[in-house]
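This report concerns contacts made by aromatic rings. The sequence and structure are shown first.

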Amino acid sequence: MMADLTYPDVVNFAVPFFIAAIAIELTWIVIKGRGGRYETRDAVTSLIMGAGNVASGILLGFIAWGFFMWLWTITPFDLGASVWVVLLCFVLDDFRYYWVHRFGHRIRWVWASHVNHHSSQHYNLTTALRQTWTGTFTFMMVVRAPLILLGFHPAMVLFVGGLNLIYQFWIHTEAIGRMPRWFEAIMNTPSHHRVHHGRNARYLDANYAGVFITWDKLFGTFVPELDSEKPDYGLVQNIGTFNPIRVAFHEWVGIWKDITQRGLTLKQRLLYAVAPPGWSHDGSRDMSEDIKAKHLTRTPEDKGTPGFT
């Protein structure tokens, strides 16, 4: 049974909910005149990116699946498929997601795939669908290897991964302010994830959680949303296009241009691919830590406030 219920199936089951939720959010914004903003071209780009993500999964999914099934043949463990095993797999996979997401912001090669999700300057439910076409090429599938080697069936791992992504859909909205305090303390919420999508210096590289915000609190990457500072959505340097091809591949092109510059050492070429986004061999660009440091230089009164601890 579990082998028949794979990640793409789970997400496909949720598509009607996605469509209904987008319609409800849009209606709410129109009626109330607040709670977010839709821009037609931006929303269409996000939908195209979502469709491309599904297509790339169909075309390239066999690579990850083949790798996972090979791991399954060599592991001596099989934990079965009881409810408790599925729940444990869900929690451990969310831990896995936290680190993959964090790598996605700190390793440029992985960021090249993830950056498209942050490219919208709006924040609504269609933004959740703005997904990568090139995730397979980051090789982040290897981070799931320990789960399979521990005895979680590959189909189960992909199943809980699909549930994780479904959960994250609803947090991409401005229509919901804050949830009850106990919920905000444990779970990822629209407020926490708005911070993650903000390009404000205070909000950079924060709140990587998928489902449980506790990972960020445990590893020191949690930053609360401040009422005094609304997130400014998008990239540090926005790409200014609704062309889905450019959205999907612009950072890969940037990496290629950087590593093929003349006069670089082999180490410098490698660092252009694996160092944090913004790294440059001559220091002419800013990484997130540089942006935060410059902000504190301009506004030293912010020192010690959330996001600058």
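## Aromatic contacts

A search of the whole structure finds 20 aromatic pairs, where rings of Phe, Tyr and Trp (its six-membered ring) pair if their centres lie within 6.5 Å, and planes under 30 degrees apart count as stacked, over 60 as edge-to-face and the rest as tilted. This is a predicted model, in which local features need pLDDT of at least 70 and side-chain atom pairs count only at pLDDT 80 or more, while totals for chains, interfaces and linings use all residues. Residues are numbered from 1 along each chain as its sequence is written, and side-chain values use heavy atoms, with hydrogens and water left out.

Two of the pairs are set out below.

| Pair | Centre distance | Plane angle | Class |
|---|---|---|---|
| Phe-90 and Phe-212 | 6.2 Å | 85° | edge-to-face |
| Trp-182 and Phe-183 | 5.4 Å | 85° | edge-to-face |

Phe-90 belongs to helix α4 (residues 83-106) and Phe-212 to the loop between α9 (190-197) and α10 (214-219), so their pair ties together parts that are 122 residues apart in sequence. Helices here are DSSP runs (H or I, at least four residues), numbered from the N terminus.

Phe-90 is buried at 18% relative accessibility, and Phe-212 is buried with a relative accessible area of 18%. Buried means under 20% relative accessible area and exposed over 50%, with partly exposed in between (1.4 Å probe, protein chains only). In the other pair, Trp-182 is exposed at 59%, whereas Phe-183 is buried at 16%.

Ring pairs also link Phe-95, Tyr-98, Trp-99, Phe-103, Tyr-208, Trp-215 and Phe-219 into a cluster.

How values were computed:
Helix = DSSP H or I, 4+ residues; strand = E, 2+ residues; numbered from the N terminus.
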